[in-house]
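Work through the exercises below with the sequence and the model open. Each task is followed by its solution in steps.

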Amino acid sequence: MGQRMFGFADSSRTTLHETEAQAGERAVDMRIGGSSRPQVVRWLNENGYVGAGGSQWVSMTLGRFFANPKIAGMVRTPEGELVETGLPGIISPSKFHQLQQVEAETSRKPQVSDYAYLLASELSVCGGCEHALVGGRDRLGEPLYRCVAKKETGACGKVRITARLLEPFVATEVVAALTSPEAREALERAQELLRGEVERIRANLKALEVSRARLRQAVKDPEIMTADEYHQGLREVRGKKATLTKRLDLIERAAEVPLGDTRDTVQWWNSAPMSHRTALCALLLERVTVHEAQKKYARTLEPGRVELAWRGAGGRVTAS
């Protein structure tokens with residue numbers, strides 16, 4: 001006896017599973033209507049639907065479900081022709097053909113540019129190991145921030161949070177800070193301080209170039225420096241330069257971001273380019289610390305999970 005398909009009450013597919021069949025048809029309608037596979041997967045999982053084997057849906061299993069003509073009461077002959085079997089289907093044959101056209105068109109589309117993250121990697125940090133969080137995608141394709149485990153750096157890899165949980169919280173607090181009567185003066189002071197930091201970073205980058213030149217000179221004499229020591233030193237210089245370059249880019253943008261008219265803060269924030277919003281976060285915040293979730297699949301931001309450290313005397317704000 002084969003495994004039962006989602007949407008059918010038995011492995012022979014002679015009877016529909018009413019609840020699953022309705023969910024399956026809704027999933028197909030969502031896809032035909034323009035929803036992406038990750039969006040359909042999220043809807044299925046959030047509404048408690050699991051595959052026939054009891055596992056949560058992922059994009060790959062949904063793709064296999066969509067590609068199976070049995071959901072329309074059809075099978076494919078060895079020659080590739082679709083023929084009706086007389087068995088019930090979750091959807092009609094015509095809707096199945098529509099679905100295949102959507103799937104084919106989507107697969108031919110060029111890759112969509114990556115998600116524009118609000119928080120730069122130098123600003124958001126892991127609450128467990130204090131290493132920078134990096135942008136990524138979860139198995140459903142949803143943007144997230146995560147700590148990537150690395151033995152050589154000590155990064156723990158335990159913190160992951162979706163952008164849809166973290167970014168609205170940070171944005172709300174930043175916009176609220178901008179509404180204070182002292183906001184404009186505080187922002188201008190912060191920008192002046194950051195311009196000084198820009199100059200210090202540039203000086204450090206120049207010093208690294210001098211260090212690299214000295215390494216190249218020293219390695220010419222094996223009695224002064226071995227090849228292994230040279231390559232080790234070069235790796236250290238490159239690592240420091242990469243870190244400082246990222247920091248410089250962020251600080252330069254924050255120091256020069258147009259402040260706009262903060263009298264209508266929400267409108268200004270919503271209309272500002274993402275690069276300006278990211279820079280503004282860096283202007284107001286020293287860091288955003290994200291702690292490990294207490295619940296594995298938390299759908300809301302748990303109290304105390306995110307901590308904002310403001311520049312100057314702004315204090316700290318935690319998710320509540």
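**Exercise 1: a tryptophan in a strand**

At 10% relative accessibility, W310 counts as buried. The model is a predicted one.

Task: State which strand holds W310, and how far W310 is from C281 in sequence and in space.

Solution. 
- Step 1. The strand that contains W310 is β8.
- Step 2. Along the sequence, W310 and C281 are separated by 29 residues.
- Step 3. In space, their C-alpha atoms are 9.5 Å apart.

**Exercise 2: the nonpolar cores**

Task: Find the residues with the most contacts inside the largest nonpolar core, and the element that gives this core its largest share.

Solution. 
- Step 1. The largest nonpolar core contains 34 residues, and V170, V174, L285 and V288 have the most contacts inside it.
- Step 2. At least two residues of this core come from each of α5 (163-178), α9 (274-284), β7 (285-290) and β8 (306-310).
- Step 3. With nine residues, α5 supplies the largest share.
- Step 4. Leaving aside residues up to four places away in sequence, L285 touches L123, V170, V174, L308, A309, W310 and R311.
- Step 5. A second, separate core has 24 residues, among them V40, V41, I90 and L99.

**Exercise 3: cysteines**

Task: How many disulfides does a search of the whole structure find, and which cysteine sulfur is nearest to that of C147 and of C156?

Solution. 
- Step 1. The search of the whole structure finds zero disulfides.
- Step 2. For C147, the nearest cysteine sulfur is that of C129, 3.6 Å away. A disulfide needs sulfur atoms within 2.5 Å, and C147 is in no disulfide.
- Step 3. C147 counts as buried, at 5% relative accessibility.
- Step 4. For C156, the nearest cysteine sulfur belongs to C126, 3.5 Å away, and C156 is in no disulfide.
- Step 5. C156 has a relative accessible area of 27% and is therefore partly exposed.

Notes: Residues are numbered from 1 along each chain as its sequence is written. This is a predicted model: local features need pLDDT of at least 70, side-chain atom pairs count only at pLDDT 80 or more; totals for chains, interfaces and linings use all residues. Side-chain values use heavy atoms; hydrogens and water are left out. A nonpolar core is a set of buried Ala, Val, Leu, Ile, Met, Phe, Trp, Tyr and Cys residues joined through side-chain atoms within 4.5 Å. Buried means under 20% relative accessible area, exposed over 50%, partly exposed in between (1.4 Å probe, protein chains only). Helices (H or I, at least four residues) and strands (E, at least two) are DSSP runs, numbered from the N terminus. Contact means heavy atoms within 4.5 Å.
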